[in-house]
Amino acid sequence: MDEASPASLTDLCLSYVSRNLERFCVKHADGSLCLRDSLLFPQELADQLLAKMATEGLLNDSTVGVFRSSEYLRLRRACIRTARISAEAFQRALCHHRLLELDAARVNADLTISDILHGLASNKHCRESLQRLVLTGLTMSSLEEPSCHCFSSLQGLRSLSLANVDFYDSGLADVCSLSRLESLDLSNTSVTNLSPLLGLRERLRSLTLHQLKRLEMSTAQLLAVIGQLEALQHLDISDDKQFTSDVARQLLGEPGILPALVSLDVSGRKQVTDAAVKAFVEERPGMTFVGLLATDAGFSNFLNGKGSLKVTGEANETQICEALRRYSEREGFVREALFHLFSLTHVMEKPRPDILKLVVLGMKNHPATLNVQLAASACVFNLTKQDLAAGIPVRLLGTVTQLLLEAMCTFPNHQQLQKNCLLSLCSDRILQEVPFNRFEAAKLVMQWLCNHEDQNMQRMAVAIISILAAKLSTEQTAQLGAELFIVKQLLHIVHQKATQGVVDATLKFTLSALWNLTDESPTTCRHFIENQGLDLFIKVLEVVHTHTYIRGRVMGHLNINNIAEVGELHVELMVQGFLDHICSLLHSPEVEVSYFAAGILAHLTSRGEAAWTLSITLRSDLLEQLHSTILKWPTPACEMVAYRHIHIPLSACLQFRTVRLTHTTILNMLLEEGGLHQLEKVQTHPDTHADVMRLAESILESLQRHQTRTRTYPTATFRTRGHCVCVCVGARACT
């Protein structure tokens, strides 16, 4: 499906059912699930549901139980790739269906090939109807014994894949007795002699012999067998280990061999030339594919791959993309193709979601292969950097971002891989618009930050964290900030910059991250205080007194709903020297600095005289200074801080002696959280201070003008540059 389009309704429904299967089921005594209602699924949907459960890692002994009822969930093409199910669960849930195909590639080791074959052979219909069987990467079990002949019982089998299996010569003899077999994949098996293939000479159409590591036949013996497979149309003798065998050279030079061939793959083989390949193809005008990756061939115009003859290679983009498509499950070739793709992506100026999809495929299929993930992450950066990300569909970006996070988690100590992933993550489009697990991402980036001192990467890491923290829920932010090591590391960076007297992007992003992490998180605020955060920030204020932006960020960190909102920490802030410093900032000509200083003082004075630990005269003086300062503020021309909540207790609004007045641009929050009703009460209450009354009336007038223009009250999203009365306001940094 095109990632630029929404997911299909069928796919969305299947995903929902897969993830919420227990809602529709009852549980048997053995723990397996059974559908509660007798719902007859269309046969194709049953196949799709099984595949979806396997793809999303949800297929296990419990969930596969729903397929025991073949009356309602009838399977024909069963895909259980990478599932974790036992032999018993497989037997009871799947083997009674009339299967045409079974793809069991890379299922867990508890389910062996022997288990699968015995289970399928127990069903008369399967013995006759099963046409395609994929057993890639499984354990053979007892089939190593010469006396065991289990494949021959599946007489309807037409296609069999045994790639990456410890499959031996005795098993090959059994397989070659299958009267209808047309396609066979023996890649990376332990077969030493291919002579039994002669039993299939009249019907074998496709033969894959990629990387036969234990083959004991000479080149002449091998070609003697292959040359007699008169019906063969597809032959793969590629080898990503790049052995020095000359089998490819001799095959290409053998006149008249395999006249029906339409597809030949010799990737990874040496002594292959453009001239030899061209001559071979011209003798067989029906050929549609040649595999030439990691060879010395593929550089002529005849083999450029842009016509009807498809070519895998490294000479151009077309060949490389074809390699990524065809070899997605061969890690050596995927690595080779990604290496060459990386060189091309350096100069790409237009978004290429088609290529990014191919990179994603390789990352998905080889999550534990470092070289693949390293090359892929480098390509991802080149394909999504700067403005290129804007042309990539959000769903595709979400998938690749999640794969990058998984790579960071899998290889936490590989510095270059971590750098590649951070470079890709440091994208406005990805961080702001793309759906992915931001909480896990923030933790991973934070862990990297704690383990590395690279200054350039440090800047990127704190930038990512500052943006991610602003996107987390309140609960997630609190959980992240509650980790002491996170607060300590961020304070350590601030200390470094303050000591050096450096005001740079790293400091700005670090302050923003601290601002967001302390939002509505008393635990984080306490960590901040207990680790000398207050003294450190006073030092920063002294260092950056000429930088309005930084001073605003420092003040914001200590202000609304952060440190000063935590009542039990007020005593830590009621220090004469600290208050003197804040008072000097209150009178700053820079409104943003004055604004945040006023917020701190408002919180500290708001709990009344009983909670004030210094002199009452000082408190009264501070209130008077707040009063006069706030009335001098001009109407702000733009938003200074993004608010999450506005809570307005009426008792705090009536008298200016409990000053809590701030400028804000988010009028719609007043409507959504009951602020309009409170303002009307303030306007009519007899004890309201005259200055408060004027501000309240100003806001109400703005509301009325807005209602007249839009007539959409009360769901208006109009933003005014007027005044509002607010208490307990949570701030989020916008970086």
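## Charges over rings

Which residue lies over the face of Phe 302? Lys 278 does, at 5.5 Å from the ring centre. Keep in mind that this is a predicted model.

## Aromatic pairs

A pair of aromatic rings is described by how far apart the centres are and by the angle of the planes. Here the count comes to 7 aromatic pairs. One of them joins Trp 515 and Phe 596, with 5.9 Å from centre to centre and 85° between the planes, which makes the pair edge-to-face. Trp 515 belongs to helix H21 (residues 505-517) and Phe 596 to helix H27 (residues 591-605), so this pair ties together parts that are 81 residues apart in sequence. Both Trp 515 and Phe 596 are buried.

Next up are Tyr 595 and Trp 633, a tilted pair with 6.1 Å centre to centre and 50° between the planes. This pair links distant parts of the chain too: Tyr 595 is in helix H27, while Trp 633 is in the loop between helix H28 (616-632) and strand E13 (642-643), 38 residues apart. Tyr 595 and Trp 633 are both buried.

## The largest pocket

The largest pocket has a volume of about 1,700 Å³. Its lining is made up of 44 residues, and those nearest the centre are Lys 52, Thr 55, Glu 56, Lys 364 and Thr 399. By class, the lining has 19 nonpolar, 11 polar and 14 charged residues.

Where does this lining come from? Helices H1 (9-19), H2 (43-55), H12 (353-365) and H14 (394-410) each supply at least two residues. H14 gives the largest share, 10 residues. In terms of domains, at least three lining residues come from each of domain 1 (28-109 + 126-146) and domain 2 (328-436).

## The second largest pocket

The second largest pocket has a volume of about 1,200 Å³. It is lined by 44 residues, and Ala 163, Asn 164, Asp 185, Glu 329 and Arg 330 are the closest to its centre. The lining of this pocket divides into 11 nonpolar, 18 polar and 15 charged residues. Domain 1 (28-109 + 126-146) and domain 2 (328-436) each give at least three residues to the lining of this second largest pocket.

Methods: Residues numbered from 1 in each chain as written. Predicted model: local features only at pLDDT ≥ 70, side-chain atom pairs only at ≥ 80, totals over all residues. Heavy atoms only, no water. Phe/Tyr/Trp six-rings, centres within 6.5 Å; stacked < 30°, edge-to-face > 60°. Helix = DSSP H or I, 4+ residues; strand = E, 2+ residues; numbered from the N terminus. Buried < 20%, exposed > 50% of the residue type's maximum accessible area, 1.4 Å probe, protein only. Lys NZ or Arg CZ within 6 Å of the ring centre and 35° of its normal. 1 Å grid on protein atoms, 1.4 Å probe; cavity = no way out; pocket = protein on both sides within 12 Å on 5 of 7 lines; lining within 4 Å. Points joined across faces, edges and corners; volume = space filled by probe spheres on them. Nonpolar A, V, L, I, M, F, W, Y, C, P; charged D, E, K, R; others polar. Domains from an automatic or database assignment.
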